[in-house]
Amino acid sequence: MKQTIKIFVAAIAALFVGVSASAQIVTSNLNGQVTDNSGEPVIGAAVIATHTESGTVYAAATNVEGHYFINGMRAGGPYTVEVSCLGYQTVTYTGITLQLAETFSLNVVMPDDSEMLSEAIVISDAASKFAAEKTG
């Protein structure tokens, strides 16, 4: 009877070890805050991280506080991270390496674009069709 209980306990222990081994984290994360020269958050900035060796691309946009979060990234590197937003100069970081199961924090300060546009006009398909009908 004692032998049967020992085998049963050993089988249960082996089952738990197998379950915990299959639940290991195999990815990394990237996050941070994007601000301008005065420390104000940059809302809607595009953050694009490219795993240089594989070409895998991860992307996010900053929220109203200038924060961005990219989860589930391939561990290792090198990565190239490009941050861009209308009215600011694009900022690029190279050679970033992510550690397994850890979050890499990359805060970015975006300088104002000296050749900033005075205005931006967005034309949707509906507006361009309307304009074509009016002229043609």
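Leaving aside neighbours within four places in sequence, T35 is in contact with E40, P41, V42, V108, V109 and M110, contact meaning heavy atoms within 4.5 Å. The model is a predicted one, in which local features need pLDDT of at least 70 and side-chain atom pairs count only at pLDDT 80 or more, while totals for chains, interfaces and linings use all residues. Residues are numbered from 1 along each chain as its sequence is written, and side-chain values use heavy atoms, with hydrogens and water left out.

T35 lies in strand β1. The residue counts as buried because its relative accessibility is 12%; buried stands for under 20% relative accessible area, exposed for over 50%, and partly exposed for the range in between (1.4 Å probe, protein chains only). Opposite T35 stands V109 in β8. The strands β1 and β8 are paired in the parallel sense over three bridges, where pairing requires that DSSP finds at least two bridges between two strands.

The protein chain contains two helices and eight strands. These are DSSP runs numbered from the N terminus, helices being H or I of at least four residues and strands E of at least two. Along the sequence the elements follow the pattern α-β-β-β-β-β-β-β-β-α. Of the 136 residues in the protein chain, 22% are buried. The accessible surface of the chain is about 9,300 Å², and 58% of this surface belongs to carbon and sulfur atoms; the areas come from the Shrake-Rupley method with a 1.4 Å probe, and for residues only the protein chains shown count as cover. Among contacts between residues at least 6 apart in sequence, 56% join residues at least 24 apart.

With β4 it pairs in the antiparallel sense over six bridges, and N31 has F69 as its bridge partner in β4. Three bridges join β1 to β7 (residues 103-105), and these two strands run parallel. In β7, the bridge partner of N31 is S105.

An open sheet of four strands has the order β3-β2-β5-β6, with antiparallel pairing. Its edge strands, β3 and β6, each pair on one side only. On average, neighbouring strands of this sheet are turned by 20° against each other, direction ignored; the axes are lines fitted to C-alpha atoms, for helices over the stretch in contact, and angles run from 0 to 180 degrees between N-to-C directions. Between β2 and β3, which run antiparallel, there are five bridges, and A59 in β3 is the bridge partner of I48.

The largest nonpolar core has 22 residues, and V34 and M110 have the most contacts inside it. Such a core is a set of buried Ala, Val, Leu, Ile, Met, Phe, Trp, Tyr and Cys residues joined through side-chain atoms within 4.5 Å. At least two residues of this core are supplied by each of β1 (27-36), β2 (46-51), β3 (57-61), β4 (67-74), β5 (76-84), β6 (91-98) and β8 (108-110). Beyond its neighbours within four places in sequence, M110 is in contact with residues including V34, T35, V42, A45, V83, C85, Y88 and V91.

The structure holds one aromatic pair. It is formed by Y58 and Y79, is tilted, and has 6.3 Å centre to centre and 50° between the planes. Rings of Phe, Tyr and Trp (its six-membered ring) pair if their centres lie within 6.5 Å; planes under 30 degrees apart count as stacked, over 60 as edge-to-face and the rest as tilted. The pair links distant parts of the chain, with Y58 in strand β3 and Y79 in strand β5, 21 residues apart. Both Y58 and Y79 are buried.

F104 is located in strand β7 and is partly exposed, with a relative accessible area of 29%. Apart from neighbours within four places in sequence, F104 is in contact with N29, L30, N31, I96, T97 and L98. F104 and I70 are 34 residues apart in sequence, and their C-alpha atoms are 9.9 Å apart in space.

Two backbone features were also computed. A cis peptide bond joins G77 and P78, with omega about 0°, and P78 is found in strand β5. A101, although not a glycine, has a positive phi of about 65°. A101 belongs to the loop between β6 and β7 and is partly exposed, its relative accessible area being 46%.
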